[in-house]
Amino acid sequence: MAEGTTSRPPSAAPPGSDPESDAYLNRRTLRRGSAGWLLLTGLGVAYVVSGDFSGWNIGLSKGGFGGLAVATLLMGAMYACLVFALAELSAILPTAGGGYGFARRALGTWGGFLTGTAILIEYILAPAAISIFIGDYVESLGLFGLESGWPVYLACFAIFIGIHLWGVGEALRFSLVVTAIAVAALLIFAVGAFTEFSAGGLDDIPVDTEAFGASSWLPFGLLGIWAAFPFGMWFFLGVEGVPLAAEEAKDPVRSMPRALAISMGILVLLALLTFFAASGARGSAAIQEAGNPLVVALQGDGDPTALSRFVNYAGLAGLVASFFSLIYAGSRQLFALSRAGYLPRFLSLTSRRKSPYLGLLIPGAIGFALAAGTGNGARMLNIAVFGATISYALMALSHIVLRRREPELPRPYRTPGGVATSSVAFVLALSALVATFLVDKDAAFMALGVYAVALAYFAFYSRHHLVAQAPEEEFAALAAAEAELERK
């Protein structure tokens, strides 16, 4: 449908909506047709690839090799099921709103806002954390004699937001190149690490004999599997953001499901190779708390080798790829929520190059302030994971609700397994949400605090000032109109 042109009965407008002229939407448009399936696939991998270089290994200290392996298998199943559901939803509603738009149609304005806010928490906090990790890498590599600190964080945000302001096509092409370097490095790492592989190193973490169900494979018992859930997610965290590029994609109805499926397949392969190669090369105990586990797996306590140095530099490329793409995702979700009036409307204004400049600059300023003010990347990532799990549960629920309530809705792509598939994603997402309290309850409560402030703003102000002409709102309004006509 054309933005701002679809007519509908007055009763179809969302409660409290404020219809705007076409001039409103004309100042809030993105550059359509900028990304084909290849760039979208690269975007999906870019969101995630930094997680292969570090972070996941901490799950070994929570569940051991067996516990993290089971957690990764379950979280991989969750993401696969969620991606199939999102492929269907994004083909139905290919707009920048992504998860917010899907939940808005299925769960109403409250559901849309809850989902969009959870996604924003993930995509604003994660880049802040990754900027700190980039600083640590720059310092450890001795690049230009720099130390990890606010100048490095500021340079990250300034340079990469600048590329995004230049244009989406240029930004996604840059992301694809950096991501390709990181993926190639992971494959080269796996080849080198497997030459030193020893199965005996997989289960070398000491067993906690007091833990229920403890064994060499589950040194922290059965509960360790659950505690490792958030770290099993790190192999896939962020891939669900691909639909946020739908409004700028070429033929999104066809390219979006294809990109989601291919990127998920690549991520599964990288997860298997990285997990087994790193754990088997040096042993799970040696890498369980390492900040750069792949480098430790290659050199241990010995001198750096040519391969370990290469992987170390490539890890920086992986961090840059994820940092860069997550900034993109956060800006598009903020743009969609602002355009529809859920957040202040000025945040969705776009430049002559069709970039949501305030949607890039303001989250970037917040991310920089958090990074410079706290320096606690792990805590911010845990908050991001908390927001992510809430959004996964709500997006999976949206698929279930739309399948049952609107079975005749045109679906150019249909999720294999239908409601059963999205139900698996829903249950596993709720399990992962609870697991975040096992890992870092303070981070979980901080995220809840942010949620409470956002919900207060929505309850007392923005839900009374929604923009009915925003694409996601029109989509929901048409559903309401059709339902009303059926009742008459």
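**Helix H5 and its packing**

The model is predicted. Helix H5 covers residues 99-141, and helix H15 covers residues 377-405. The axes of these two helices are 7 Å apart, and the packing angle is about 160°. Because angles over 145 degrees count as roughly antiparallel, H5 and H15 are therefore described as roughly antiparallel to each other. The crossing of H5 past H15 is left-handed. Sorted by class, the residues in the contact of H5 with H15 are 27 nonpolar, six polar and three charged.

Thr117 belongs to helix H5. With a relative accessible area of 8%, Thr117 is buried. When neighbours within four places in sequence are set aside, Thr117 contacts Leu337, Tyr451 and Ala454.

**The largest nonpolar core**

The largest nonpolar core holds 157 residues. Which of its residues touch the most other members? They are Phe53, Trp56, Tyr79, Ile134, Phe189, Met233 and Tyr392. Helix H5 gives the most to this core, with 21 residues.

Ile134 is one of the residues that touch the most other core members.

Helix H13 spans residues 306-339 and contains Asn312. Is Asn312 buried or exposed? Its relative accessibility is 11%, so Asn312 counts as buried. Apart from neighbours within four places in sequence, the contacts of Asn312 are Tyr137, Leu141, Asn292 and Val295. Along the chain, Asn312 and Phe53 are 259 residues apart, yet 8.9 Å separates their C-alpha atoms. Phe53 is also among the residues that touch the most other members of the largest nonpolar core.

Helix H14 consists of residues 357-374, and its axis comes within 8 Å of the axis of H13. The two axes cross at roughly 120°, and H13 is therefore oblique to H14. The crossing of H13 past H14 is right-handed. On the H13 side, the contact is made by Ile327, Ser331, Arg332 and Leu334. On the H14 side, Gly359, Leu360 and Pro363 take part. By class, the residues of this contact are four nonpolar, two polar and one charged.

**Ile161 of helix H6**

Ile161 is located in helix H6, which runs over residues 150-166. Its relative accessible area is 6%, so Ile161 is buried. With neighbours within four places in sequence left aside, Ile161 is in contact with Cys156, Ile327, Leu360, Leu361 and Gly364. Two of these partners, Ile327 of H13 and Leu360 of H14, also take part in the contact of those two helices. Ile161 and Leu360 lie 199 residues apart in sequence, and their C-alpha atoms are 6.6 Å apart in space.

**Val296 of helix H12**

Helix H12, made of residues 293-299, includes Val296. Val296 has a relative accessible area of 17% and is buried. Its contacts, leaving aside neighbours within four places in sequence, are Arg282, Ala286, Ile287 and Ala290. Val296 and Ala281 are 15 residues apart in sequence, with a C-alpha to C-alpha distance of 9.3 Å.

Most residues other than glycine have a negative phi. Against that background, Asp251 has a positive phi, near 45°, and Lys354 has a positive phi near 65°. Where do these two residues lie? Asp251 is in the loop between helix H9 (229-232) and helix H10 (252-282), while Lys354 is in the loop between H13 and H14. The table sets out their values.

| Residue | Phi | Relative accessibility | Class |
|---|---|---|---|
| Asp251 | near 45° | 43% | partly exposed |
| Lys354 | near 65° | 29% | partly exposed |

Asp251 counts as partly exposed because its relative accessibility is 43%. Lys354 falls in the partly exposed class because its relative accessibility is 29%.

Terms used: Residues numbered from 1 in each chain as written. Predicted model: local features only at pLDDT ≥ 70, side-chain atom pairs only at ≥ 80, totals over all residues. Heavy atoms only, no water. Axes fitted to C-alpha atoms, helices over the stretch in contact; angles between N-to-C directions. Helix = DSSP H or I, 4+ residues; strand = E, 2+ residues; numbered from the N terminus. Parallel < 35°, antiparallel > 145°, perpendicular 65-115°, else oblique. Left-handed = near helix turned anticlockwise from the far one by under 90°. Nonpolar A, V, L, I, M, F, W, Y, C, P; charged D, E, K, R; others polar. Core = buried A, V, L, I, M, F, W, Y, C linked by side-chain atoms within 4.5 Å. Buried < 20%, exposed > 50% of the residue type's maximum accessible area, 1.4 Å probe, protein only. Contact = heavy atoms within 4.5 Å.
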